[in-house]
Structures are given as C-alpha cells and as structure tokens.
Amino acid sequence: MSGTFAGGLAGLLLGAAVGSFLATVFARRGGGRCAWAIGRSRCDRCGAGLAVRDLLPVVSWLLLRGRCRHCGAPIALAHVAIEVAAAAIGFASLFLLGWPAGAPAALLGWTLLLLSAIDFEDMRLPDALTLPLLAAGLLLSLAQGGLPLSLGLPPPTAALAGAAAGGLALAALAFLYRRLRGREGLGLGDAKLAAAAGAWLGIAALPLYFLLSGLLGIALAVALGALRDPARRIPFGPALGTALWLLFVTG
Ligand SMILES: [Zn+2]
C-alpha cells in the first residue's frame, strides 16, 4: 500500500508538532523536572511565558532568528533539528506507506529520533524508551494477525525470534568488546534497541540490519573524527535507530 502526497503533507505537519514536543522532552530530560508533565512553555533562561506564535515548529525559530523574543537567549540548534527531523519522518512514513501502515512507521521513527538524540548527547539509551519499543513491536506483530491489512511487521514467531536474536547478538558483541579492549564499547541499551529492531523487522532481516547499522556507525565515527582519536566514544544508538527506521519504511 502506498500513500499520497496529501497524506505525506498531513504527516509533515503532525511530525512538526510531535517534533516540538520531542524537542521539549529532550531539552528537559534529567533536569529534575518531570519531562512529561509539561505545563505552559517557558524560556529556559528568562522564564518568560511563551505564546503560540513562539511555539510554531521551525517557523517560530526562523522568525525569531533562533533567539528568545524576551531575553535574546539562543534557542538550542538541537531543538529545531529535532523538529525538522520529526517532520521529515512524518512525511516519509505517510507518503511511502499510506494509512494505516504509515502510523506505526511514524511512531517508530519519532521514538527512535528521541532515543538517538539522547544517546548522542548522553551516551545512554533509556529503558523507558527501548523497552516500550520492544513491547510495541511484539504487540503490533500479534495484533496484525487479527487485522485484514498489514502494518508492515513480521509474523509473531519471526518477531519473537528476531527480538531474541537481535538482543543476544549485541549483548554478546558488547561482552566480547569489553574482554578484548578492556573498556565499555557497547552497552546493554544497545542490546535492548537491537532486540526491538528484531521485533519490528523479523529475524530474516537481521543480517542486513546489522550490516546497515555497522556502515552508519562507521559513517558517524568518521563524521565525528573518532578514527583519529581512538579514545573518543561514539554512540551506536543513532546508527541502530536510523537503520531500523530505514529498513522498516522501505519494507
Ligand atoms: Zn528568554
């Protein structure tokens, strides 16, 4: 099933709004405040309440030239980058897959976007995101069996086997890396994300998934200059997440 351009545009607008929410969650993570209990939005520096015209995804950022209207504090580039990426994910999901298959694809992409941003910044993949993603893959695969149409997930047995194989493969790799190099290279968060990937893609897609993840990981390491500085740690979550979403939307 494929989507329409109009469907893609709806996904783009929805994605921009979701991106605005994700960017706020990202900015407030671990700041003592509960990230999900978002009251009225305020400037993080001067505390001035923000109006609707300050909160339009991307548009406000362009109109304000990236600065708070009240105190001139720069708005984090990560904020608008997350909004743009979420809008692109919404567009691509609904344009490529249509309704309803585009909906789980978009939700998957948005969750992976937040996970990637957090891993990139903090070198960790929170269980609060990886485990629900794993559960969602398994449950959607089960639910799909009772639907007259496909959501793009593998059958339950392939999803379950994929989750087990994906998680074990990365856990084993993390163990080996620690034995050989004497330091932490991959974490259990990476293994949980790979387990989620196995559930969403099925066990047959795992070889291609790990190949693509590896290539994207190397590309990120090159971009960050880590090959010249071996001590520099590179988050693997963004590569694992991007590979998962790309393979899911392209079937
Ligand atoms: Zn301000």
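Q: What makes G251 worth a look after α9?
A: G251 follows α9, and its phi is positive, near 65 degrees. The helix name rests on a DSSP run (H or I, at least four residues; a strand is E, at least two), numbered from the N terminus. This is a predicted model, where local features need pLDDT of at least 70, side-chain atom pairs count only at pLDDT 80 or more, and totals for chains, interfaces and linings use all residues. Residues are numbered from 1 along each chain as its sequence is written, and side-chain values use heavy atoms, with hydrogens and water left out.

Q: How do you know that the length of α9 agrees with its number of residues?
A: The expected span of a helix is 1.5 Å times one less than its number of residues. For the 13 residues of α9 that gives 18 Å, and the end C-alpha atoms are 18 Å apart, so the two agree.

Q: Why is α9 called mostly covered?
A: Buried means under 20% relative accessible area, exposed over 50%, and partly exposed in between (1.4 Å probe, protein chains only). By that cut-off, 11 of the 13 residues of α9 are buried, among them P238, W245 and F248.

Q: What do the buried residues of α9 pack against?
A: They pack against α3 (77–97), α4, α6, α7 and α8, where a contact means heavy atoms within 4.5 Å.

Q: Why is α7 said to be largely enclosed?
A: Because 12 of its 14 residues are buried, α7 is largely enclosed by the rest of the structure. The buried ones include D190, L193 and W200. Their cover includes α4 (102–122), α5 (127–144), α6 (156–181), α8 (206–223) and α9 (237–249).

Q: How do you know that the span of α7 agrees too?
A: Helix α7 covers residues 188–201, and its 14 residues should span 20 Å at 1.5 Å a residue; the end C-alpha atoms are 20 Å apart, so this agrees. Just after α7, G202 takes a positive phi of about 90 degrees.

Q: How many helices and strands does the protein chain have?
A: The count is 9 helices and 0 strands.

Q: Why does the radius of gyration agree with a compact globule?
A: The radius is taken over C-alpha atoms, and the globule rule is 2.2 Å times the number of residues to the power 0.38. For 251 residues a compact globule would be near 18 Å, and the protein chain has 19 Å, which agrees. Of those 251 residues, 43% count as buried.
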